Amino acid sequence: MPHEHPASPTSTTTASPAPASPALASAVLGMTADQYADACIAAGTHGARPLALERYANLFRRGIIDSPHLPVTLPPIVRTHTSESPEGTVLKFTQSVPVTVDGTRAPRPTTLASAPGEIGSGLGLPVLQPSITSLETESVLIPMVGRKQMRSYTLCLSSQVGCAMGCGFCQTAQMGLVRSLTAAEIISQYFAAAHLVTRPDPAATIANIVFMGMGEPLDNYDQVLQAVRVLTDRRGPSLAMNKITISTVGRLDGIARLAEQVRHEGWHRLSLAISLNAPNDAVRSQIMPINRAMPMADLRRAMTDWPFYCGKHLCIEYVLIPGINDAPHHAEQLAAYYKGDDYDGPAELDGHPIPRYAGPQLRGLINIIPYNPRHNSPWLAPTEEAAEAFMDRLKARTVYCKRRRTKGRDTMAACGQLGNPEVTRKAVAASLR
Ligand code: SF4
């Protein structure tokens with residue numbers, strides 16, 4: 001953990017201001033540089049604006065968290081797990097966060113979040129169980145080997161503890177929504193990955209951020225967007241907007257709101273991933289409850305309406321689950337959904353109709369993700385042959401698709417496997433009786 005050196009610019013230039021307030025110490029990670037400087041000036045205790053900006057830069061660039069003028073309160077790292085993959089060591093880490101947003105034990109809630117609500121409705125919902133004294137965020141550093149053998153990490157962040165969306169294949173769904181994370185708690189995961197955990201490959205930097213950990217990011221819209229503002233702040237983490245991906249279950253209201261944001265200068269290159277996972281409404285409604293309210297035709301329209309800038313495309317995720325969505329006719333239906341008017345396949349296959357969709361081909365990459373079994377999963381992982389056969393059928397219809405390599409499955413760090421099985425909505429409900 002880096003500490004402020006006595007001769008550092010921060011210590012030499014901040015001799016006069018008074019120490020930071022505890023409130024600012026826990027909130028600063030969720031602030032942009034300008035917001036932090038404004039807060040310092042408003043408080044009148046932290047020196048002039050240039051000094052505040054310098055402290056902020058030192059925090060994110062050098063990982064200094066014990067400056068007397070900007071001490072930072074971070075959720076402690078409570079566990080790390082590693083597992084090997086062909087591209088390097090996967091590292092999952094968990095941080096302890098309070099049961100409620102403000103750290104106090106709130107009065108007993110009268111409702112539990114059990115279904116998709118309004119955007120952002122998850123923030124601040126206190127769901128308590130007497131025996132649960134803290135919650136955990138989960139984050140994963142995934143090693144990548146790029147062109148010219150360049151090594152880097154993709155950091156998978158959680159936006160909530162648990163999730164209300166109820167996807168049948170997902171471990172996090174088994175928890176239900178416990179609560180949404182604040183922007184500061186989201187950035188704390190980045191900060192820990194960048195400065196606090198020992199990365200298995202110290203030479204590899206964090207090149208990409210994906211909101212694909214616990215939670216539905218668009219259910220915590222305002223805090224996730226604020227986290228993106230911080231991550232891309234050039235006086236802070238300074239990550240490029242096109243290195244950040246928000247992944248959604250397909251919340252149409254959230255996608256429309258995000259599309260408006262992406263039209264703003266500076267946001268054009270934000271990446272969007274859609275968790276599709278099914279070739280037709282019957283299958284999707286079976287494994288993803290949101291599809292009953294927001295069916296695939298509407299989702300397709302949202303995808304074709306998405307504002308594309310700078311040659312970007314969508315990432316369309318398809319978790320391949322044996323016996324659920326991996327049959328030959330499923331691949332044909334998925335190709336028809338993807339290609340729209342350009343689909344040139346059969347009208348039916350193996351007795352199953354292949355529905356037609358009016359409209360342009362989707363501008364996206366279909367990312368085939370072999371299912372990673374959750375705890376007590378009714379399904380196994382697909383075989384290599386099944387995954388390849390599904391891919392081959394898509395390619396035969398000239399669908400742009402790739403296969404995601406499985407990483408972290410044995411430590412429950414892979415896609416769809418995050419979450420603490422002991423902090424479930426069921427356990428919480430029992431504690432409220
Ligand atoms: S897949 Fe994503 S949206 Fe669905 S339950 Fe899991 S975390 Fe929530």
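**Notebook: strands, helices and a ligand shell**

I began with strand S5 (residues 135–145) and strand S6 (residues 151–156), which pair in the antiparallel sense over six bridges. Everything I note here comes from a predicted model.

I then checked the hairpin of S5 and S6, which has five residues between the strands. Lys148 takes a positive phi there, near 55°.

Next I followed S6 to its pairing with strand S9 (residues 205–211). These two strands run in the parallel sense, with five bridges between them. Ser152 stands opposite Thr205 in S9.

I then looked up the sheet as a whole. It is an open sheet of ten strands with mixed pairing, and its order is S3-S4-S5-S6-S9-S10-S11-S12-S15-S16. Which strands stand at the edges? I noted strand S3 (77–85) and strand S16 (401–403); each has a single partner strand, so one side of each is left without a neighbour in the sheet. From one strand to the next, the twist averages 25°.

S3 and S4 pair in the antiparallel sense over eight bridges. For Ser85, I found that the bridge partner in S4 is Gly88.

**Helix pairs**

I turned to helix H3 (residues 33–43) and helix H4 (residues 49–62). Their axes come within 9 Å and cross at roughly 130°. That angle makes H3 oblique to H4. The crossing of H3 past H4 is right-handed. On the H3 side I listed Ala33, Tyr36, Ala37, Cys40 and Ile41, and on the H4 side Arg49, Ala52, Leu53 and Tyr56. By class, the residues of this contact of H3 with H4 are eight nonpolar, no polar and one charged.

The next pair was helix H5 (residues 183–196) and helix H6 (residues 221–231). I noted an angle of about 45°, with the axes 8 Å apart. H5 and H6 are therefore oblique to each other. H5 passes H6 in a right-handed crossing. H5 brings Ala183, Ile186, Ile187 and Tyr190 to the contact, while H6 brings Gln223, Val224, Gln226, Ala227, Val230 and Leu231. I sorted the residues of the contact of H5 with H6 into eight nonpolar, two polar and no charged.

I also looked up helix H7 (residues 252–262) and helix H10 (residues 296–305). Are they roughly parallel or oblique? Their axes come within 10 Å and cross at roughly 5°. That makes H7 roughly parallel to H10. In H7, Leu252, Ile255, Ala256 and Ala259 meet Asp298, Leu299, Ala302 and Asp305 of H10. The residues of the contact of H7 with H10 divide into six nonpolar, no polar and two charged.

**Ligand shell**

My last entry is on the ligand. How many residues surround the ligand? I counted 13, of which the closest are Cys163, Met165, Cys167, Cys170 and Ala173. The shell around the ligand divides by class into seven nonpolar, five polar and one charged residues.

Methods. Residues numbered from 1 in each chain as written. Predicted model: local features only at pLDDT ≥ 70, side-chain atom pairs only at ≥ 80, totals over all residues. Axes fitted to C-alpha atoms, helices over the stretch in contact; angles between N-to-C directions. Helix = DSSP H or I, 4+ residues; strand = E, 2+ residues; numbered from the N terminus. Parallel < 35°, antiparallel > 145°, perpendicular 65-115°, else oblique. Left-handed = near helix turned anticlockwise from the far one by under 90°. Contact = placed C-beta atoms within 7 Å. Nonpolar A, V, L, I, M, F, W, Y, C, P; charged D, E, K, R; others polar. Near = placed C-beta within 6 Å. Pairing = 2+ DSSP bridges.
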